[in-house]
Amino acid sequence: MKLITANLNGIRSASTKGFFDWAPSQRADAIGVQEVKAQADVVDGQFDSIGKLQGHFHYAEKKGYSGVGLYTRDEPSELIIGFGSPEFDAEGRWVEKRFDKPGRKLSLISCYFPSGSSGEDRQQAKFRFLALMYPHLMALKAEREFILVGDINIAHQQADLKNWRSNQKNSGFLPEERAWLTQLFGEGGLVDVYRQLEPDTTDDCYTWWSNRGQAYANNVGWRLDYHFATPALAALAKRCAIYKEQKFSDHAPLTIDYDFKL
């Protein structure tokens, strides 16, 4: 199974930059997108499919904000929109497709973690989100296998961003945020699939670059886009790639190939 995650920073904007020309050529089995920044009136009939992949979406109540989608070749056995938090479900952050069969419970999820960079109010919202998300992922892991793809808005280790020294007090690299991921990948038992495949990359691992200055040209980036997987599925990951030949948004798509079928 070929699974792609891509923060679009606006589905209409990404379309004008060639995303919907590139994506079908990848022959993926599933594509998770984040920051759709549109509602059904824009997406339906225009952006609701990619080749033979059918999309399902969780839209924010606020127009032009957040929103996630998950395109899959296979029809899910169950579709879940939102993760049960009134505050964050209003922001369009979780779409889950279940592909259950006798003897197997399996989910694919596209998720968009809040950014805290706009100010203290949003940073506190991000902390509230993390506090809710950890037990939700643990409960999910207790009953099924899953891969969650998305923009997590946290760089985990020093190798995951260019200027780690100067960013230790900035949202996305705060000690509390990094500790959350350490717990998730430690006692939480989930796997950072990219790092499993590429444990030593630094400059090559980035998936986001600020629009300020010459960040992209100078590769002053952050690794913010992830595949989280349960160990059994993570063990089936074979190869990964970050696509940088075209720029569809301020993020680059991350592709990982797994040795299983939905």
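**Exercise 1. Which residue of strand 9 stands opposite I109?**

Start with the ground rules. The model is predicted: local features need pLDDT of at least 70, side-chain atom pairs count only at pLDDT 80 or more, and totals for chains, interfaces and linings use all residues. Residues are numbered from 1 along each chain as its sequence is written, and side-chain values use heavy atoms, with hydrogens and water left out.

Step 1. Helices (H or I, at least four residues) and strands (E, at least two) are DSSP runs, numbered from the N terminus.

Step 2. Find the pairing. Two strands pair if DSSP finds at least two bridges between them. Strand 8 (residues 106-112) and strand 9 (residues 145-151) run parallel, joined by seven bridges.

Step 3. Read off the partner. I109 stands opposite L148. Another partner pair is Y112 with D151 in strand 9.

Step 4. Check burial. Buried means under 20% relative accessible area, exposed over 50%, partly exposed in between (1.4 Å probe, protein chains only). Six of the seven residues of strand 9 are buried, so strand 9 is largely enclosed by the rest of the structure.

**Exercise 2. Classify the ring pair F83 and F129**.

Step 1. Rings of Phe, Tyr and Trp (its six-membered ring) pair if their centres lie within 6.5 Å; planes under 30 degrees apart count as stacked, over 60 as edge-to-face and the rest as tilted. The structure holds 21 aromatic pairs.

Step 2. Apply it. The centres of F83 and F129 are 5.5 Å apart and the planes stand at 80 degrees, so the pair is edge-to-face.

Step 3. Locate both rings. F83 is in the loop between strand 6 (78-81) and helix 4 (86-89), and F129 is in helix 5 (residues 120-143). The pair links distant parts of the chain, 46 residues apart.

Step 4. F83 is buried at 10%. F129 is buried at 0%.

Step 5. Ring pairs link both into a cluster whose members include W94, F113, W180 and F228.

**Exercise 3. Which residues lie closest to the centre of the largest pocket?**

Step 1. Define the spaces. On a 1 Å grid over the protein atoms alone, a cavity is a set of points where a 1.4 Å probe fits but cannot get out. A pocket is an open set with protein on both sides within 12 Å along at least five of seven lines, and lining residues have an atom within 4 Å of a point. Grid points are joined across faces, edges and corners, and a volume is the space filled by probe spheres set on the points.

Step 2. Take the pocket volume. The largest pocket holds about 870 Å³.

Step 3. Name the residues. S115, S117, S118, N153 and W208 are the closest to the centre, out of 36 lining residues.

Step 4. Sort the lining. Its residues divide into nine nonpolar, 18 polar and nine charged. Here Ala, Val, Leu, Ile, Met, Phe, Trp, Tyr, Cys and Pro count as nonpolar, Asp, Glu, Lys and Arg as charged, and the others, Gly among them, as polar.

Step 5. Turn to the cavity. There is one cavity of 30 Å³ or more. The largest cavity has about 40 Å³ of space. Its lining includes Y216, K247 and F248.

**Exercise 4. Which residue other than glycine has a phi near 50 degrees, a positive value?**

Step 1. Most residues other than glycine have a negative phi.

Step 2. Identify the case. S66 has a positive phi near 50 degrees. R27 also has a positive phi, of about 50 degrees.

Step 3. S66 sits in the loop between strand 4 (53-58) and strand 5 (68-72) and is buried at 1%. R27 sits in the loop between helix 2 (19-25) and strand 2 (30-34) and is exposed at 71%.
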